[in-house]
Every structure is written in structure tokens, then in C-alpha cells.
Amino acid sequence: MTAKTGSGPRTAVIHDWLNGMRGGEKVLETILEIVPQPTIFTLFHVPGSVSETIERHPIRVSALDRIPGARRHYRQFLPFFSKAVESFDLSGFDLVVSSSHCVAKGAIAPAGVPHLCYCHTPVRYAWDQLDVYFPPGSLVRSVQRAFVRRLREWDRATADRPNRYLANSSAVAGRIRRNYGRDAAVCHPPVDVDYFEGDGAARSDFLLAVGALVPYKRFEWAIEAAAKAGRQLVVVGRGPEEARLRRIAGPSVRFESGVSPERLRDLYRQCAFFVQPGEEDFGIASVEALACGAPIVALARGGASDVVDDGETGVLYSGEGGDALAEAVGRAGSLRFDYTRMRARALRFRPERFIDEFRREIDRLTS
């Protein structure tokens, strides 16, 4: 990359929105440490909702962010996302990097400026999970689904804007190939496996689920499975599904949100099994749990196949619903898991590996 006189190269980093610390934001933290002089462009930004590592960089927001109430009800503005991301003025930047699970990959780079897309997934509710987010039925749902179909058309039409795609898992690389007609190298997200490690203490018998409380996570199946298995369940996270999940949960289910890293690590160290009932794009939390010695019980779709060795570091199961998960938990309870083997599996996702692979992709685009 040719540096600009007196200033050095500059990077525009496009991230869909900043309103909480989830897996995508953990990846963003590392990307910001790799690329030269990053400025973040995002549709919505709730100040203080993400880490200091992210907040200390310049952050530019779309016009949608200035609409009263938009930060809180951002999903209602879905029909305007594509135009908003296209409105970003990226002139003066030498590199564009998009961290995309919605529309970020559709940002328009200046002519001749390379664009690397780290794709967490093609727009989830426009492709694989339309019915999960927008069940057919009411007129309102029909209108929403029509908007989503238009977003899908835009998403496909803009698939060639990035020069290069990186996928966070083998499953996502397959979605990129099917939906965009593009190849993508797999670059698994970085996981802080030095912080998340076991302590040798005896485990309890409760199940643990961690993640944003959104439809595709299918935490209602974890609630059903825990009841059928006669185990307690701890659910860590917050999101729009929280009220519904609390209504269907019995007294053996405990919800926690805003937990500290120390508390989360303790839960990973104490739980009997980490359960992942929905199809994850990758599943950073599952690797964190594995690094702490918690066997994983996960649906055998999505990123789980990149993380779990069935019968050795956890159990993969194919059926959907609480019954299938409960049966898989029962199978896991009949197996013996070796911490050394689980730890070794988790170490494959250390940050140093991600940094090396990501830098090589940047060098490939800019040399």
C-alpha cells in the first residue's frame, strides 16, 4: 500500500451498527488493531455500548442515527439500511474493510481502493432465516417480508463490491458461495483463550447458554431441553426475545445480563455443558466455553462443525427442538471428556492466528 505523504495510509472500517458487545464487535476490536489509521463508519452508534478499544477510534454515523428513537428501534428502519450504507463518503481512504452481517459489505469504495469484507454471514433474515424473523401471516408481516425481499435483491446485486471476502466459518463460506456466487477464504474469529481457561474445579450440573436473545439463537429450545433433562439452565444475554423467553421459562431457568468477564468465565468453568440450540455463524462463546473445559452440545449446522469434534470435545446433534437437545445432553452425560483435548481444540482459535491470516489478506490486496 502506498502511504500518503505526511499522513500514512488510512482505513475506512464499515460495521453495521454499534449498540452492544457481541461476537462481531469482538472481531471488530481486533480488526481495528490491525489496519492502519482506522475510522469507523456505522449506521447506528449508542455511545458507551461498546468497548473502549472501539470507542477510542473516530466513529462516523449515518443520517439514520440522528432520527429520534432510531438507536433504540433500529430494526424498524431496515428498508433504509442499504441507502444509508451507500451514503458514506469514503473518499480519502486507502483501504476499505467491512465487518458485515447485514449491509456493511455494500459500502461503495472509491475507484481503485481495495475493499476487503470480513463476512459474519450474508444478511441472515434476508436469506436463510426469513421465516424465523418474519413469520407469514399478518399484513404487517407481509409488508416486512416484502422489504426484506428487496434487501435480498440489493444484497445480491452488490455482491461484487468487495474485492475479496473472508468468512468466519466454513458454513458462512458456503452461504457466500450460494448467495453471492463468490469464493471466500475461512478466517475464524479471534478468541481470548488465554483469559478463558479452566481452573480444575469440580463442575456443577447446570446447562449454560450465552448470546444475544434473538430469534435465530433458539433459546426456547434450551429452556425446553433443560426441563426435559431435569437440569437447571443459566441464560446469559439480553435482546428483544428476553420478555418472551422469561414468560415460558420455569423456576429452574435463571437469566443474567451485563455480566463481567470474570463472571462469564466462572460460569464456563462451572457448567456441566454449554448448549447451542440454534445455528450459529461461528460461535465465539462456544470456543470460550471449550477453552474453560466445558463440553459443547450443539446443533450440527453452521459454525459448530468447525469447533466441536463429536464425542471428543462435545456432542453434535441433527434434530431441532427441545427433545433433540435434551437427548443430546443425555448422550453427553454418558461420555467422558478430556480437558487437555478440549483446551487444545480451543487454542486453534487464538488471536495470533487471526491476526496473521488477516494481515496476509490485506497485503495480498494492497501489494
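Here is a friendly conversation about charges, aromatic rings and backbone angles in this predicted model.

Reader: Let's start with charges. How many salt bridges does a search of the whole structure find?

Author: Happy to start there. A salt bridge here needs a side-chain nitrogen of Lys or Arg within 4 Å of a carboxyl oxygen of Asp or Glu. Searching the whole structure with that rule, the number of salt bridges found is 26.

Reader: Which side chains meet Glu 256 in salt bridges?

Author: Two arginines come up here. Arg 254 meets the Glu 256 side chain at 3.0 Å, N to O. A salt bridge at 2.7 Å, N to O, joins Glu 256 to a further side chain. The names you want are therefore Arg 254 and Arg 263.

Reader: Is Glu 256 itself buried or exposed?

Author: Let's set it beside its partners. Arg 254 has a relative accessible area of 38%, so it is partly exposed, and Arg 263 is partly exposed as well, at 28%. Glu 256 has a relative accessibility of 14%, and the cut-off for burial is under 20%. Glu 256 therefore counts as buried.

Reader: How are Glu 357 and Arg 353 placed in helix 14, and about how many helical turns separate them?

Author: Both residues belong to helix 14, which covers residues 351-366.

Reader: Which residues form the negative surface patch, and where is Asp 192 found?

Author: The patch is formed by Asp 192, Asp 194, Glu 352 and Asp 356. Asp 192 has a relative accessibility of 40%, so it counts as partly exposed. As for its place, Asp 192 is found in the loop between strand 7 (184-186) and strand 8 (207-210).

Reader: How far apart in space are Asp 266 and Arg 156?

Author: Asp 266 lies in helix 9, residues 261-270, and is partly exposed at 30% relative accessible area. In sequence, Asp 266 and Arg 156 are 110 residues apart. In space, C-alpha to C-alpha, the distance is 43 Å.

Reader: On to the rings. How many aromatic pairs does the search find, and what is the geometry of Phe 41 and Phe 93?

Author: Across the whole structure the search finds 14 aromatic pairs. One of them joins Phe 41 and Phe 93, with 5.6 Å from centre to centre. Their planes are 80 degrees apart, and over 60 counts as edge-to-face, so the geometry is edge-to-face.

Reader: How many residues apart in sequence are the parts that this pair ties together?

Author: Phe 41 lies in strand 2 (residues 38-45), while Phe 93 lies in the loop between helix 3 (81-86) and strand 4 (95-100), so the parts tied together are 52 residues apart in sequence.
To end on the value you asked for, the separation is 52 residues.

Reader: Which aromatic cluster includes Phe 44 and Phe 81?

Author: Phe 44 is buried, as is Phe 81. The cluster they belong to is formed by Trp 17, Phe 44, Tyr 74 and Phe 81.

Reader: Finally, what is the phi of Gln 37, and what is that of Arg 218?

Author: Gln 37 sits in the loop between helix 1 (23-34) and strand 2, and Arg 218 in the loop between strand 8 and helix 7 (219-229). Gln 37 is partly exposed at 41% relative accessibility, and Arg 218 is partly exposed at 25%. Neither is a glycine, yet phi is positive in each: near 40 degrees for Gln 37 and about 60 degrees for Arg 218.

How values were computed: Residues are numbered from 1 along each chain as its sequence is written. This is a predicted model: local features need pLDDT of at least 70, side-chain atom pairs count only at pLDDT 80 or more; totals for chains, interfaces and linings use all residues. Side-chain values use heavy atoms; hydrogens and water are left out. Patches are made of residues with over 30% relative accessible area and no salt bridge: like charges are joined within 9 Å, nonpolar side chains (Val, Leu, Ile, Met, Phe, Trp, Tyr) within 5 Å. Accessible areas come from the Shrake-Rupley method with a 1.4 Å probe; for residues, only the protein chains shown count as cover. Lys and Arg count as positive and Asp and Glu as negative; His and the chain ends are not counted. The place of a charge is taken as NZ of Lys, CZ of Arg, CG of Asp or CD of Glu. Helices (H or I, at least four residues) and strands (E, at least two) are DSSP runs, numbered from the N terminus. Buried means under 20% relative accessible area, exposed over 50%, partly exposed in between (1.4 Å probe, protein chains only). Rings of Phe, Tyr and Trp (its six-membered ring) pair if their centres lie within 6.5 Å; planes under 30 degrees apart count as stacked, over 60 as edge-to-face and the rest as tilted.
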